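Hi,

Here is the structure I promised to pass on. My notes follow below it.

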Amino acid sequence: MTNALFLDDSYMKDCDATVVSVKDDKYVVLDRTIFYPKGGGQPHDVGKILKGKDEFQVVYVGKFSGEISHEVDHPGLTSNDQVHCILDWDRRYRLMRSHTASHILASILWKDAGALITGNQLEIDKVRFDFSLENFDREIFQTFISKANELFKKDVPVLWYELPREEALKIPGVIKMSEAFPPEVSRLRIVEIAGVDKQADGGTHLKNLKEVGQIEFLKAENKGKNNRRVYFRLIP
Ligand SMILES: [Zn+2]
């Protein structure tokens, strides 16, 4: 199993690694990685893998049969190669800001409106939220955005740690997204925004709420009875 360094330290921008296997000249498994694989509503990272002077662009990262696979743009990597990984940090950091912001918004929707989040997708330039709520209008959502922005001005630490499944599931609202945590998962990773929210999550987050900056409401769509879709984005 690849050591997923981003789960412990989401601020690691580069690392050394050893190539474990290469499939079809382009799907690379490493012994350790800083590259987040697409999943849980968070897009995959991009960046590069260096072998000496040879530079391989990482164009896609996914999880296949439990292994993190890095797709590179050209052949040349083989097992046991010593490589250096470099993350496209600007892209990742924006995604971290969006992801932590999403947890706050999900928390407000759940606490203030009793809305259940049915989908959440981070994109590079915006964030999509789907939730079920009978009474919805733009002004109400705008007040949630304002409330979130007030929180983003505060110095609030964000922590992550694992808990045994049973203990984790006792936390009210710990699973707000429709993401499934199959029974064979015995320990859940909890992302805790101190005093504000706890959520089971496998993504990369900021260390402090302040780093989000501010967000703005982009647009809302009706997707049928009680189904709402809204977009927000980071203000650069
Ligand atoms: Zn999340």
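Which residues do ring pairs link into a cluster? They are Phe131, Phe136, Phe141, Phe144 and Phe217. Please keep in mind that this is a predicted model, where local features need pLDDT of at least 70, side-chain atom pairs count only at pLDDT 80 or more, and totals for chains, interfaces and linings use all residues. Residues are numbered from 1 along each chain as its sequence is written, and side-chain values use heavy atoms, with hydrogens and water left out.

The structure holds nine aromatic pairs (rings of Phe, Tyr and Trp, the last by its six-membered ring, with centres within 6.5 Å; planes under 30 degrees apart are stacked, over 60 edge-to-face, the rest tilted). One of them joins Phe141 and Phe144, edge-to-face, at 6.5 Å centre to centre and 80° between the planes. Because these two are three residues apart in helix 3 (residues 138-151), about one helical turn separates Phe141 from Phe144; helices are DSSP runs of H or I, at least four residues, and strands are runs of E, at least two, numbered from the N terminus. Both Phe141 and Phe144 are buried (under 20% relative accessible area, 1.4 Å probe, protein chains only).

There are charges over rings too (NZ of Lys or CZ of Arg within 6 Å of the ring centre and within 35 degrees of the ring normal). Lys13 has its charged end over the ring of Trp89, 4.4 Å from the centre, and Lys219 lies over the face of Tyr231 at 4.8 Å from the ring centre.

Happy browsing!

Note on methods. Buried means under 20% relative accessible area, exposed over 50%, partly exposed in between (1.4 Å probe, protein chains only).
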